[in-house]
Amino acid sequence: MATRDDVAHLAGVSPSTVSYAISGRRTISDATKAKVLAAMRELNYTPDAFAQGLAGARRGILALHFPTNVDGYSSTEFEYVTAAMERARTLGYHMLLWSNPMTDVMGLESLVGQKLVAGVLMMEVAINDLRFGVLRRAKVPFASIGRPDDSDDVSYVDNDFAEAGRIAVEYLAGLGHSSIMYINVSEEDQQAGNGPAIRTARAISDAAREYGVQMQEVPVENNARGGREALDAYLKMDLRPTAVVALKEFATAGFVNAAVMASLRIPEDLSVIALGVGDRSAEMVAPALTTVAPSGEQISHAAVDALVQQIEGRTTGVVQKLIAPIMSVRESSGPAPQ
């Protein structure tokens, strides 16, 4: 098999120039890059990403830990994953999608212990997340999309869920709504320390008190069945709220579909706002969902940048960012019924 040195010899350049041509880490002339690429084609040379990682190359492999979920992955979540992978590639890194369960601490220890990855980016972060301890002990660079409570030494980029909850309640109060139902994640997920769910519930509760709005919380699983169960709970309420704020994509879609089947008019009878749901997913529901969410691409890009800065020694401290959510008003929200 051809090596990097073979490519360098045939192209008449140094081995480091071959590396720069592949990674884009430094600018080289178009003519030199053309010679390198021609030599690679002639020798049928393909860079071995894992070999780069094992050799400790700065342009190596990043692991994106996106834990498995029994309910599957939403299109919004994959927007984050796709954006992270695109950003890593732009910066000259390969990204390995690692989907072992969050509780598989031994698997994570094995992954970083074999020195196959230059750094780890984590998603679906719990308030008390055991993964951070593993990575601290391994002394491997890491960053996260989301944040634990113990985050003083953690580089993270996160959706400002607390602000999203406040924006949603303020908007509904301004439309004359005096009661809302909050569709939260299941009690099991809350007990497991689901950070977005816990922070959002607090923010909605605080904002509801501030604006004199009654709030009723309904915890369900994040799937279509959970959405239908949320509607059943809504229909059984003596005083039905005039608005719903929901956190998870699948449960929100299930609720809206079930509400329409039950002849509830959205938004004439009931307004619905989804938190953290991307534009593409919001437009797939009928009626299209009003959302309060940041740019998933912005969050993923910033998180990858924070990780790469650590790997390349371009930062002396942690990077911590909360990305402000943006409200996109669509067909699912309107004034409170009279």
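This is a predicted model: local features need pLDDT of at least 70, side-chain atom pairs count only at pLDDT 80 or more; totals for chains, interfaces and linings use all residues.
Helix α6, residues 105–113, packs against helix α7, residues 130–138, at an angle of about 30°, and their axes lie 10 Å apart. Angles under 35 degrees count as roughly parallel, and α6 and α7 are therefore roughly parallel to each other. The crossing of α6 past α7 is right-handed.

Which residues form this contact between α6 and α7? On the α6 side they are Val 105, Leu 108, Glu 109 and Val 112. On the α7 side they are Leu 130, Arg 131, Val 134, Leu 135, Arg 137 and Ala 138. By class, the residues of this contact comprise seven nonpolar, three charged and no polar.

I now turn to the sheet. Six strands form an open sheet with mixed pairing, in the order β7-β6-β8-β9-β10-β12. At the edges stand β7, residues 214–219, and β12, residues 326–328; each has a single partner strand, so one side of each is left without a neighbour in the sheet. From one strand to the next, the twist averages 20°.

Strand β9, residues 271–275, and strand β10, residues 290–293, pair in the parallel sense over three bridges. Leu 275 has Val 292 in β10 as its bridge partner.

Finally, a helix packs on the sheet: α8, residues 161–174. Helix α8 touches β6 (179–184), β8 (243–246), β9, β10 and β12. The direction of α8 makes about 165° with that of β9.

Conventions:
Residues are numbered from 1 along each chain as its sequence is written. Side-chain values use heavy atoms; hydrogens and water are left out. Axes are lines fitted to C-alpha atoms, for helices over the stretch in contact, and angles run from 0 to 180 degrees between N-to-C directions. Helices (H or I, at least four residues) and strands (E, at least two) are DSSP runs, numbered from the N terminus. Angles under 35 degrees count as roughly parallel, over 145 as roughly antiparallel, 65 to 115 as roughly perpendicular and the rest as oblique. A crossing is left-handed if the near helix is turned anticlockwise from the far one by less than a right angle, and right-handed if clockwise. Contact means heavy atoms within 4.5 Å. Ala, Val, Leu, Ile, Met, Phe, Trp, Tyr, Cys and Pro count as nonpolar, Asp, Glu, Lys and Arg as charged, and the others, Gly among them, as polar. Two strands pair if DSSP finds at least two bridges between them.
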